Amino acid sequence: MTGIRFVRSIAAALLAVSLTPCHAAIAHTSVEPPAGLKEQALREANTARARYGARPLTWNAQLYPGTRQRAAGCRFQPSPITAGYGENLYATTDLTGTAAAVTSAFASWMSEAPHYDHTHPGFTPETGNFSQVVWKGTTQLALSVARCPAGTVFPSAGYFVVARFTPPGNFLSRFAQNVGRPVA
């Protein structure tokens, strides 16, 4: 599978020189996700979270319009740190639909779990997507998937997944209480 992922976090921000904003202000309008997307995103997230002792997330309808616009922009770069949410990104050219892209995104983010060091909790770029998904202090999610044309995210057409989490995770010095060990 050809896929790429990215985590935006407070710890990563400490290493970054600057981030380029890539979304405009969104008017507060009622925008509904495509049929089944909200349910699938919550199912994937909550299944992963349960394996690490984190409570289920709920959907954040206010965060969805900006998440949708972000995905539709087909630009694989982090949002501004000051945005007030955690963000996981994923892109692939190997899938045949939105549902497959959502499943693949969560599988990719959760594949980082074996690399997380629970004996020395903290942020690493290799595990930041995983820790955001299972972050116990996070309570809500919005997710969108866009089919992006060739020459945007990849040289060929593909899918771009944007997941936004609130309150955000990956805060330095809060990992021990927010990233649980696998539940037996």
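User: Over the ring of which residue does the charged end of R174 sit?
Analyst: This is a predicted model, in which local features need pLDDT of at least 70, side-chain atom pairs count only at pLDDT 80 or more, and totals for chains, interfaces and linings use all residues. Residues are numbered from 1 along each chain as its sequence is written, and side-chain values use heavy atoms, with hydrogens and water left out. A charge sits over a ring if NZ of Lys or CZ of Arg is within 6 Å of the ring centre and within 35 degrees of the ring normal. The charged end of R174 is 5.0 Å from the centre of a ring, that of F171.

User: How many aromatic pairs are there?
Analyst: Rings of Phe, Tyr and Trp (its six-membered ring) pair if their centres lie within 6.5 Å; planes under 30 degrees apart count as stacked, over 60 as edge-to-face and the rest as tilted. By this rule the aromatic pairs number six.

User: What is the plane angle between the rings of W59 and Y64?
Analyst: W59 and Y64 are both buried, that is, under 20% relative accessible area with a 1.4 Å probe and protein chains only, where exposed is over 50% and partly exposed in between. Their ring centres are 5.7 Å apart, and the pair is tilted because the planes stand at 40°.

User: Which residue does E87 meet in a salt bridge at 3.7 Å?
Analyst: A salt bridge is a side-chain nitrogen of Lys or Arg within 4 Å of a carboxyl oxygen of Asp or Glu. With E87 in strand 3 (residues 86-92), its partner lies 17 residues away, in helix 3 (residues 64-72); helices (H or I, at least four residues) and strands (E, at least two) are DSSP runs, numbered from the N terminus. Both side chains are buried. The partner at 3.7 Å (N to O) is R70.

User: Which residues do the salt bridges that share partners join into one network?
Analyst: The side chains of E87 and R164 also meet in a salt bridge, at 2.9 Å, N to O. E87 lies in strand 3 and R164 in strand 5, so this pair ties together parts that are 77 residues apart in sequence. Through shared partners, the salt bridges join R70, E87 and R164.

User: How far does helix 4 reach from its first C-alpha to its last?
Analyst: Helix 4 covers residues 98-110, and its buried residues include A101, A105 and W109. The expected span of a helix is 1.5 Å times one less than its number of residues. For the 13 residues of helix 4 the expected value is 18 Å, and the reach is close to this, at 18 Å.

User: Which residues does A113 touch?
Analyst: A113 is in the loop between helix 4 and helix 5, and it counts as buried because its relative accessibility is 10%. Contact means heavy atoms within 4.5 Å. Ring pairs link Y52, Y116 and F130 into a cluster. Not counting residues up to four places away in sequence, A113 touches Y52 and F130.
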